[in-house]
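Please prepare a careful briefing on the model shown here, with the criteria behind each term stated once.

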Amino acid sequence: MEIRDSGACYVDKTELINQILERMAGVFMFLRPRGFGKSVNLSMLDAYLSLGYKGNMWFDGLRISDIRPNDTEKNASPVIYLDLEGLPMDSPEMFRDGLAGRIADACDRFRGLETSEKQDSHDIDILRSLRSKDAGRTMMVFSMSMLSRMLHWEYGRKAIILVDGYDSPILDSCGKPFQAEVMSTIMDLLSISLKGNEHARFGVVTGTLHIVEDSITSGFNNPWVLDLWDVNMGDKFGFTPDEMRGLFAELGHPEMVDEAVGWYGGYHTASCELCSPRGVIGCIADGFRLGVRWSGTWERRFLNPLSDPDMSYWVEGLTSGRGCGIWMGLGIGLRDLADPRGALMDILSHAGILTAVPDGSGYTLLIPNEEMRTIIGDILGGTDSNGDWSRGGA
């Protein structure tokens with residue numbers, strides 16, 4: 001909304017709206033590295049589908065307006081938006097308070113329900129508690145289910161539930177003594193919201209890793225997991241080289257495209273090659289200066305094992321450019337997050353540090369671009385005077 005209202009450049013990903021409405025799974029789970037546009041695309045879905053934004057002009061001139069002219073789905077449904085990214089993890093109390101705040105934000109846009117004659121008085125009392133951040137754990141984990149029921153009763157249409165960063169609290173709490181509490185709370189909240197909820201039309205969930213643990217994604221209703229290597233909707237998160245050319249030409253620097261792709265591109269999907277929007281946007285914001293834009297997030301700790309001698313086979317294959325063959329699993333377990341060495345290559349490829357190129361029945365792992373090559377070189381100690389990789393440092 002802010003991008004369109006300000007007249008800023010927008011890389012048009014609105015075909016995603018049509019693909020979701022046409023395929024209509026119970027839950028769409030989009031897994032992409034951080035900084036690949038997941039939050040922007042959820043905001044796009046919210047802006048297009050939510051009845052709260054009826055009459056907006058944000059989609060005029062974009063692809064979706066040509067694909068679905070006079071669309072009866074546009075701004076016709078109640079949409080719940082829950083953001084789980086960046087919850088505080090300094091203590092269990094801060095986690096609970098942070099989650100209560102995010103749930104309050106999701107409920108606050110529907111404060112009109114509190115005065116509706118269509119609603120049950122008990123539900124109204126709970127909604128007020130949720131909005132005032134006074135609700136306990138039980139109310140919080142049932143919050144989205146209850147809110148979707150109230151919205152269904154109010155508008156006669158089932159709610160659409162959007163959840164951003166489903167795995168962020170689990171990853172950010174990894175290694176902390178209260179991780180089990182975080183895990184169970186998020187697990188119960190998502191499962192109750194997205195499994196067997198007769199008042200929810202469908203859900204869209206984003207994350208970085210597919211955490212395969214009982215009652216997380218297994219608790220979703222008819223989930224469709226779309227990771228980087230799925231053939232469907234592969235280009236809807238991240239910038240393709242063609243989109244890069246259009247963007248840089250519009251901004252007056254077409255001569256920078258090839259270098260920028262070399263620095264921030266190289267991510268292979270089943271259907272196309274992608275560039276990291278976070279790197280590209282950082283480069284543009286810094287006066288088109290190329291360099292490392294990948295900030296120190298939780299992924300950094302997964303890089304440190306590369307300096308272990310036991311990882312020499314993998315490091316040699318990656319740093320030589322030859323790559324490493326791998327068969328990727330269906331997801332990451334909690335044990336892998338606690339001690340990532342066993343599934344390190346799976347984690348690094350999902351996190352966007354490496355790229356996995358489909359190769360027969362498996363994949364070849366490669367360092368995707370100059371940005372990640374620089375970061376991995378820093379972990380391994382950089383290069384020597386001849387430009388060869390060094391194993392010095394940590």
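This is a predicted model: local features need pLDDT of at least 70, side-chain atom pairs count only at pLDDT 80 or more; totals for chains, interfaces and linings use all residues.

Residues are numbered from 1 along each chain as its sequence is written, and side-chain values use heavy atoms, with hydrogens and water left out. Helices (H or I, at least four residues) and strands (E, at least two) are DSSP runs numbered from the N terminus.

**The five-stranded sheet**

- Five strands make up an open sheet with parallel pairing in the order β2-β3-β4-β1-β5, where two strands pair if DSSP finds at least two bridges between them.
- The edges are taken by β2 (79-83) and β5 (223-226), each of which has a single partner strand, so one side of each is left without a neighbour in the sheet.
- On average, and with direction ignored, neighbouring strands of this sheet are turned by 15° against each other; axes are lines fitted to C-alpha atoms, for helices over the stretch in contact, and angles run from 0 to 180 degrees between N-to-C directions.
- Strand β1 (residues 27-31) runs parallel to β5 and is joined to it by four bridges, with Phe28 standing opposite Trp224 in β5.
- Helix α3 (residues 38-49) packs on the sheet and touches β1, β2, β3 (159-164) and β4 (200-207), its direction making about 165° with that of β3; contact means heavy atoms within 4.5 Å.
- Helix α8 (residues 143-155) also packs on the sheet, where it touches β2 and β3, and its direction makes about 160° with that of β2.

**The three-stranded sheet**

- Three strands form an open, antiparallel sheet in the order β8-β10-β9.
- Here β8 (324-326) and β9 (355-359) stand at the edges with a single partner strand each, so one side of each is left without a neighbour in the sheet.
- Strand β10 (residues 362-366) is joined to β8 by three bridges and the two run antiparallel, with Gly325 opposite Thr364 in β10.
- Helix α15 (residues 312-319) lies across β8 and β10 and runs at about 120° to β8.

- In α12 (residues 257-264), Val257, Ala260, Val261 and Tyr264 are buried, buried meaning under 20% relative accessible area, with exposed over 50% and partly exposed in between (1.4 Å probe, protein chains only).
- Viewed down the axis of α12, its buried residues fall within an arc of 100°, so they line one face of the helix; the arc is that of the directions from the helix axis to the C-beta atoms.
- These buried residues of α12 pack against α11 (241-250), β6 (267-268), β7 (273-274), α13 (277-285) and α18 (370-380).
- Ser349 belongs to helix α17 (residues 344-350) and is buried at a relative accessible area of 0%.
- Not counting residues up to four places away in sequence, Ser349 touches Leu228, Trp229, Met328, Leu354, Ala356 and Leu365.

**Aromatic rings and cysteines**

- Rings of Phe, Tyr and Trp (its six-membered ring) pair if their centres lie within 6.5 Å, and planes under 30 degrees apart count as stacked, over 60 as edge-to-face and the rest as tilted; by this rule there are 11 aromatic pairs.
- The rings of Trp263 and Tyr264 have centres 6.3 Å apart and planes at 45°, so this pair is tilted.
- Phe28, Phe30, Phe202, Trp224 and Phe237 are linked into a cluster by ring pairs.
- With a disulfide defined as a pair of cysteine sulfur atoms within 2.5 Å, the count comes to zero disulfides.
- Cys107 is buried with a relative accessible area of 0%, and Cys324 is buried with 1%.
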